[in-house]
Amino acid sequence: MRAVLWLAAVAVAFAAADTYVVVLALPDMMAGVGLSIEELQRAAPLISGFLLGYVAVLPLIGRLADLLGHLPVLVGGLVVFAFGSFLTALSWDLAAMVVGRFFQGLGGGALVPATLALVAALYPAERRGVPLGLVSAVQELGSVLGPLIGAAVLAVADWRAIFALNLVVGVVLAMAIRRLGRSDNTAVRGRTRPDLIALLLLLVAGVAFVLLAIEPTALVQDLTWGALYVPAIGSSRWLTPLGLATIIATLTFLLKCGLRPGVRRVLGRITAEVDLLGALLLSFALAGVILAFATADPEVAVFSEQGVWYLVAGGLALLGFVFHLRRAQDPIVPRGAFARTPAWGSVLISFFVGAALVAALIDVPLFARTTIYGDSQLKAALVLLEFLVALPVGAVAGGFLTRRLPAGVIAGGGMLLAAVAFVLMARWDADALRSLSATVVLVAGGLGFGLALAPVNAAILATTEQSMHGLTTSFTVVARMVGMLVGISALTTIGLRSYYAAQADLPSLSSVCTGGGMCEEYQDLLIGAAIAQEHTVFAGAAVCAGIAALLSLVLLRGAPTRALSPSETVTAL
């Protein structure tokens, strides 16, 4: 089963890498569905759709992992991730691509809590630090590998090849994990017979969708076969014979699978044992928060006017969820699940960790482009790489230290180191990145964040029941992602106000540039205003990291995560 754990960790890393690959390939993806770079706002659903799938239903998936077992959720998550990659790779319009990205997020998000819960199932509380650190390390390693994989693929092929690679890797990992899991389960005997009709329906749906997406010229222009591409009504491809065949075959396949005895038993168990209404209300609440901040224009406000309504809807759903928890007999979040301080403290700390971390991920490359690298996105990304490489190293170190030191001390120390790094970044000048000291600051910041990952996860696992580890760890992932969304929106808005204030204080262009046009002196003044913006963002991130450090020292104090020393063992006996 431990081999399954490390395959699951590889899957987590690959899903994390996909997030950063998409950021790099976004302009090409927009062009692939007919959007220009000036229509970036219309492409926002590509990001928010992924986040909705990744975050909004994560508590439900965590609960399913506790109910059905971690192995089915891991395999199912990889299959859904592969399916989303398939849809995205063959998307011909924005709507189809957003749906594909949603399924990618849904599948990728399912991997994290299932993997963390699997660690808890395989290791006792005092020995979880190292494997949790390694899982956290490979997850963060995905952020390092993502841009490199994207750059390598885009150098030899177009953006669709990235998602074709995701499809292949997802299917291979799902098959490997399922095979290893079955070989470890001595209760499983023999093999189940394949459903040939279901496989045929799936093949028909897949072939029809591929032909619909790529539109082979010879087939489209053929007098007979070309009729397959003529919509029955309107102009949508889904209303062509091929589109209708895809829909009908897919629905029939799902119905056929749903009628299988094993599937019906699982669905019946989910219906009977899972609080679906509570899960739905919680998903709506999270979706409201995600959409409110993901659709914001930071140059205007923390969230847009439309985002306000998303937030109101999410708030109403949250009120309904709280009211439902008081009345439900077996709610999606069991009463007392977060009763111990380190349990709910881990969720709160994860929020501030995410709010601080996103400042480094977004604003370090921006600072590099503003000061010394101009429009070179690659060189700016290499600066961030100094931070990202140190992060998994810190995660492994934090895992080792968790066996000997209190979780609060390690996480608090790590976030304090990150806060100091941000304070130093807030003092950088235009030439700061040319010196070795900037590299030291970036490495220290990455190490600090890495040190905090394993102790926070170990604390929540050590202070919650094993029967709900999938659910509780899903909340730390949700809190970190929401923290990143709120952090980037709030910090960027505050930073832009500093930029506009600094720009308003600049002298007029004519008073600085006497020869007409924009001179080098005035460009330096504009760069100074942009640096003031980044300083404000880094200072805000330092505050968030400092809050996370303080909360870690106070709230994780009682978490039983470390192994007993020889003297402590004698005392305990």
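Visitor: Which helix does Asp66 lie in?
Guide: Asp66 sits in helix α3, residues 58-68. Helices here are DSSP runs of H or I with at least four residues, strands are runs of E with at least two, and both are numbered from the N terminus. The model is a predicted one, in which local features need pLDDT of at least 70 and side-chain atom pairs count only at pLDDT 80 or more, while totals for chains, interfaces and linings use all residues. Residues are numbered from 1 along each chain as its sequence is written, and side-chain values use heavy atoms, with hydrogens and water left out.

Visitor: Is Asp66 buried or exposed?
Guide: Asp66 is buried. Buried means under 20% relative accessible area, exposed means over 50%, and partly exposed is in between, using a 1.4 Å probe and protein chains only.

Visitor: What does the side chain of Asp66 reach, then?
Guide: The backbone nitrogen of His469, at 3.4 Å. For a polar contact, the N or O atoms must be within 3.5 Å; within protein one must be able to donate a hydrogen and the other to accept it, and residues adjacent in sequence count only if both atoms are side-chain atoms. Leaving out residues up to four places away in sequence, Asp66 touches Gln466, Ser467, Met468, His469, Gly470 and Leu471. Contact means heavy atoms within 4.5 Å.

Visitor: How many salt bridges does the structure hold?
Guide: One. Asp431 pairs with Arg434, and their closest N and O atoms are 3.4 Å apart.

Visitor: How accessible is Asp431, and is Arg434 buried or exposed?
Guide: Asp431 has 47% relative accessibility, so it counts as partly exposed. Arg434 is exposed, at 59%.

Visitor: Switching to the overall fold. How many helices and strands?
Guide: The chain has 21 helices and zero strands. It has 573 residues, of which 49% count as buried. Among contacts with a separation of 6 or more, 79% are between residues 24 or more positions apart.

Visitor: Which residues touch the most other members of the largest nonpolar core?
Guide: Phe387, Met415, Phe422, Trp428 and Phe449, in a core of 128 residues. A nonpolar core is a set of buried Ala, Val, Leu, Ile, Met, Phe, Trp, Tyr and Cys residues joined through side-chain atoms within 4.5 Å. Helix α14 (residues 341-373) gives the largest share of this core, 16 residues.

Visitor: What does Met415 touch?
Guide: Val353, Gly448, Phe449, Ala452, Ala545, Ala548 and Ala549, not counting residues up to four places away in sequence. There is also a second, separate core of 18 residues, which includes Ala25, Ala89, Met97 and Phe163.

Visitor: How many aromatic pairs are there?
Guide: There are 16. Rings of Phe, Tyr and Trp (its six-membered ring) pair if their centres lie within 6.5 Å; planes under 30 degrees apart count as stacked, over 60 as edge-to-face, and the rest as tilted. One of them is Trp159 with Phe163, edge-to-face at 6.0 Å centre to centre and 80° between the planes. Trp159 is buried at 4% relative accessible area, and Phe163 is buried at 1%. Trp428 and Phe538 form an edge-to-face pair, 6.2 Å centre to centre with 80° between the planes.

Visitor: Where do Trp428 and Phe538 lie?
Guide: Trp428 is in the loop between α16 (407-425) and α17 (436-462) and Phe538 is in helix α20 (residues 520-555), so the pair ties together parts 110 residues apart in sequence. Both Trp428 and Phe538 are buried. Ring pairs also link Phe367, Phe387, Phe422, Trp428, Phe449 and Phe538 into a cluster.

Visitor: Last one: where does Thr472 lie, and what does Thr472 touch?
Guide: Thr472 is in helix α18, residues 469-504, and is buried at 0% relative accessibility. Setting aside residues up to four places away in sequence, Thr472 touches Ala337, Phe338, Ile460 and Thr464. Thr472 and Trp344 are 9.1 Å apart in space, C-alpha to C-alpha, and 128 residues apart in sequence.

Methods:
Lys, Arg positive; Asp, Glu negative; His and termini not counted. Salt bridge = Lys/Arg side-chain N within 4 Å of Asp/Glu carboxyl O.
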